[in-house]
Amino acid sequence: MGTDGGADHTSPSLDLPPPTVPPNVKVVREDLPKRSIITRPGFGTSGKRISLLANHFKVSITNPDETFYQYSVAISFEDNKAVESKVLGRKVIDKLYQTYSSELAGKRFAYDGDASLYTVGPLPQNNFEYTVVLEESIAKCGNPSDNGTQIESYKRSKSSLHSKTFKVEISYAAKVPLNSISHALQKADPEKAQDALRVLDIVLRQDAAKRGCLLVGQSFFHDDSRTFTDVGGGVTGVRGFHSSFRPTLGGLSLNMDASTTLILTPGPVVDFLLVNQNVKETRYIDWAKAKKMLKNMRVKARHNNMEFKITGLSEKPCNQQLFSMKISSGGSTGADGETVEITVYDYFVKHRNIELISSSYMPCIDVGKPKRPNYLPIELCSLVSLQRYTKALSVTQRASLVEKSRQKPPEKIRVVTDAIKNSHYDENPVLVACGISVEKHLSQLDGRVLDAPKLKVGNNEDCLPQNGRWNFNNKKLLNPSQIDHWALVNFSARADCSHLSRELINCGRNKGIHIERPYAIFEEDPQYRKASPVTRVEKMVEHITATLPGPPEFLLCVLPERKNCDLYGPWKRKCLCNLGIVTQCVSPIKINDQYLTNVLLKMNSKLGGINSLLAIENSRRIPLITDKPTMILGMDVSHGSPGRSDIPSIAAVVGSRSWPLISRYRAAVRTQSSKVEMIESLFKPLANGEDDGIMRELLKDFYETSNGRKPTQIIIFRDGVSESQFTQVIDIELNQIIKAYQHLGETEIPKFTVIVAQKNHHTRLFQATAAENVPPGTVVDTNIVHPTNYDFYMCSQAGKIGTSRPAHYHVLLDEIGFSPDDMQNLIHSLSYVYQRSTTAISIVAPVCYAHLAAQQMSQFIKFEDSSEQKNTTTGGSIPFPELPRLHKNVAGSMFFC
């Protein structure tokens with residue numbers, strides 16, 4: 001069986017334990033020096049030149065000396081209660097401008113929908129207070145309510161104008177000079193430009209809001225069914241555009257990109273519930289589930305054309321739900337008369353003369369308040385358009401969305417170019433006042449294509465990837481494992497496990513992995529198939545331990561579903577935390593050589609083998625890394641679904657081991673406070689003086705697998721943080737890492753290189769003279785990059801479908817001292833060390849591994865009932881469950897592969 005070694009691939013035996021601090025010794029630490037984000041040291045030159053286009057449109061400013069004046073805005077109702085709705089706030093400000101334009105010197109506003117508005121030049125005064133009256137057409141007749149006062153007769157239910165009065169206070173706050181942008185572009189005070197850029201982005205948002213768009217950050221979506229695409233389950237994808245101003249080395253640019261968001265499928269509420277719950281008839285609707293799903297959605301009532309927000313459902317069906325109504329002597333409803341109890345159904349049918357076909361036996365929609373419900377028959381309600389859907393998508397929905405959102409490069413270019421032409425930004429009064437104009441064609445720039453790194457595979461063969469891909473046809477793995485004691489576990493009723501094991505053994509032989517016949521094939525007892533996932537796993541493990549003579553070194557588990565199988569979490573937790581056994585889950589549909597090779601790549605990595613290495617890694621020739629003990633970290637935080645503050649975030653860090661290798665990693669994963677992006681437990685001192693943090697675990701592992709060498713250089717790849725959080729990575733996370741290092745008794749602090757890897761951005765690269773995606777290895781560090789910061793774009797993967805998204809790397813710190821070429825070549829090479837596949841991946845492998853580790857271990861707590869989660873940690877005010885620790889037998893393995 002393979003081991004995690006260095007060049008000779010054997011684990012060193014240590015004479016000395018890793019350094020610890022005796023309890024009676026106090027470590028004296030100097031104050032940590034203040035580190036700041038570095039500027040660009042130069043540009044790369046390696047690689048072959050390529051002509052490119054980017055979706056950045058050049059922006060000109062002819063009035064750079066104009067100044068934005070910022071004013072604070074407070075909008076309140078007549079009773080002084082603050083207006084919180086941004087939609088209503090925008091309506092009030094629009095009406096204010098229409099009413100008082102002359103008093104405001106005709107100045108046009110850029111209003112952020114909240115508490116700030118901006119003008120080009122000052123308003124006549126610093127403080128204003130206005131009364132604004134909004135008139136809206138509403139139906140005068142109320143709906144069935146439990147407050148005992150059904151007012152207004154049906155005869156008077158015609159729509160009429162209803163006035164609402166608002167108080168608006170405007171007061172001067174600050175000046176934002178537009179020339180701060182030109183100063184930033186000239187590499188002076190880049191931070192000061194952020195306020196002016198934010199104002200320009202607010203102008204774009206307001207422009208979109210006036211056109212009735214849904215605003216999601218700087219992405220805008222029209223209510224146009226031609227841009228809708230159904231993704232199933234009552235969810236619709238909407239195509240729109242991202243639009244934002246960005247300072248670049250080539251000047252100010254407008255970044256315009258196609259964008260997609262999710263909304264609830266507009267239309268009748270009943271139709272939505274049927275598709276959302278995947279049932280054919282209303283009698284099968286789960287109303288408890290429906291109530292949870294519908295809460296806070298906006299509906300339009302057919303009978304009076306009014307919009308309401310759903311607050312709940314009635315407890316009884318429409319033909320039984322009673323409310324009190326006053327009836328006058330003539331039989332009509334009115335304020336005077338006797339009070340009678342009437343059902344919602346009878347009210348609408350008999351008093352409103354509205355025919356109800358399907359609502360009788362279904363609950364009513366409640367659009368009232370907790371103590372004053374207001375009921376509407378469900379068939380009269382339709383979901384209004386452009387309501388965001390923020391819950392997690394199913395695997396099927398996600399696949400459908402990806403499939404329908406793809407655009408090949410020529411189509412993406414056409415769509416984005418049309419969008420900039422149709423935006424009419426040159427006519428926006430605020431932008432016109434600033435003399436801002438936007439070009440209508442994509443930016444032209446030069447990029448470079450880096451050479452693919454050479455790989456080493458079995459029998460000391462060289463392997464040169466072509467177009468970002470390679471394979472193991474007629475090749476062996478570099479360091480194959482040997483699997484002597486293993487078993488196959490089958491939870492799937494349809495799988496032929498004997499055939500699977502035979503084919504796996506044969507394929508393994510061809511790849512150099514010696515696999516003995518399995519000791520046993522464990523079929524699930526059919527009587528447990530309807531039990532809970534945890535019970536099914538427990539029963540299977542009991543069967544395995546009772547049959548096998550001792551613990552196996554490996555278990556191959558066949559699951560009934562490929563994605564989101566509810567057995568996955570319990571099975572992985574049982575094997576990795578309780579038993580300490582490496583396991584691989586499969587759910588084969590078609591067993592062929594390619595499928596089995598992919599499975600073997602994962603198995604070999606988990607069991608300590610190595611599939612391939614970079615040739616320069618194998619020969620110890622990686623610049624600046626093989627000279628000094630260097631540790632590479634990949635860091636990521638995964639969050640639960642939006643709006644779920646009860647689900648903890650999962651922080652994962654992987655650290656390289658067996659230096660001078662850069663292809664082997666160990667993972668440490670912890671839960672932390674929900675939605676917190678900064679990793680909280682890199683250094684975690686306990687009351688007894690011990691450190692239970694992530695970094696201690698990874699530093700000790702590096703020492704133990706690198707012949708007793710301590711890292712003198714640490715390269716950190718951080719995923720998932722925005723530009724506004726860059727300083728926190730340095731000030732919080734890096735300082736925690738240093739404290740963990742010092743806690744081990746070290747006084748010599750390593751040199752650090754810190755790189756943020758971003759995939760969630762809107763820059764796209766295109767070949768200027770070809771319709772295909774840019775070739776793998778394309779790098780851009782000029783023109784569209786930041787004017788002063790050290791960043792570059794790299795597209796390391798081969799884009800076969802849609803338009804490739806480059807990774808955006810930001811080098812925050814480089815104490816090690818890489819040249820731009822060495823930095824870019826290292827990052828490019830780290831896209832080729834991903835042991836799970838035979839393709840270059842879109843972002844460095846350590847980041848991918850951290851994401852995989854977080855994803856896999858998050859399954860460990862998904863299936864637990866909250867009452868069973870005894871180990872909890874309090875983050876803020878909400879306790880969150882701690883993840884179980886991995887068994888020592890597998891803690892150092894690449895279990896996440």
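Here, exposed means over 50% relative accessible area and buried means under 20%, with partly exposed in between. The views below come from a predicted model.

View 1. You'll find N353 in the loop that runs between α6 (344-351) and β19 (363-366). The relative accessibility of N353 is 58%, so this residue counts as exposed.

**View 2. R620, with a positive phi of about 55°.** R620 is another residue that has a positive phi without being a glycine. Its setting is the loop between α14 (615-618) and β33 (630-638). R620 counts as partly exposed because its relative accessibility is 43%.

**View 3. The cis peptide bond between W659 and P660.** Look at the link from W659 to P660: the peptide bond is cis, and omega comes out at about 15°. P660 sits in the loop between β34 (649-656) and β35 (665-672).

**View 4. The salt bridge between D207 and R211.** The model has 32 salt bridges in total, and this view picks out one of them. Side chains of opposite charge can pair when their charged atoms come close. For D207 and R211, the N to O distance is 2.8 Å. D207 is buried, at 16% relative accessible area, while R211, at 38% relative accessibility, is partly exposed.

**View 5. E524 and R536, paired by a salt bridge.** The closest N and O atoms of E524 and R536 are 2.8 Å apart. This pair ties together distant parts of the chain: E524 belongs to the loop between β29 (521-523) and α11 (533-547), R536 belongs to helix α11, and 12 residues separate them. How buried or exposed are the two partners? E524 has a relative accessibility of 6%, so it counts as buried. R536 is at 10%, so it counts as buried too.

**View 6. E697, R670 and their salt-bridge network.** The side chains of E697 and R670 meet in a salt bridge, with 3.4 Å from N to O. They come from distant parts of the chain, with E697 in helix α15 (residues 694-705) and R670 in strand β35, 27 residues apart. E697 is partly exposed, with a relative accessible area of 22%, whereas R670 is buried, at 7%.

**View 7. The largest nonpolar core, with 118 residues.** In soluble globular proteins, nonpolar side chains tend to be buried together. Which residues have the most contacts inside the largest core? They are Y809, Y849 and F896. Helix α18 (residues 845-862) supplies the largest share of this core, with 11 residues.

**View 8. A closer look around Y849, and another core.** Set aside the neighbours within four places in sequence, and Y849 is in contact with V654, Y665, V833, Y834, Q835, M894, F896 and C897. F896, in that list, is also among the residues with the most contacts inside the largest core. Apart from that core lies another one, of 42 residues, including L264, M293, F323 and I327.

How values were computed:
Residues are numbered from 1 along each chain as its sequence is written. This is a predicted model: local features need pLDDT of at least 70, side-chain atom pairs count only at pLDDT 80 or more; totals for chains, interfaces and linings use all residues. Side-chain values use heavy atoms; hydrogens and water are left out. Helices (H or I, at least four residues) and strands (E, at least two) are DSSP runs, numbered from the N terminus. Buried means under 20% relative accessible area, exposed over 50%, partly exposed in between (1.4 Å probe, protein chains only). A salt bridge is a side-chain nitrogen of Lys or Arg within 4 Å of a carboxyl oxygen of Asp or Glu. A nonpolar core is a set of buried Ala, Val, Leu, Ile, Met, Phe, Trp, Tyr and Cys residues joined through side-chain atoms within 4.5 Å. Contact means heavy atoms within 4.5 Å.
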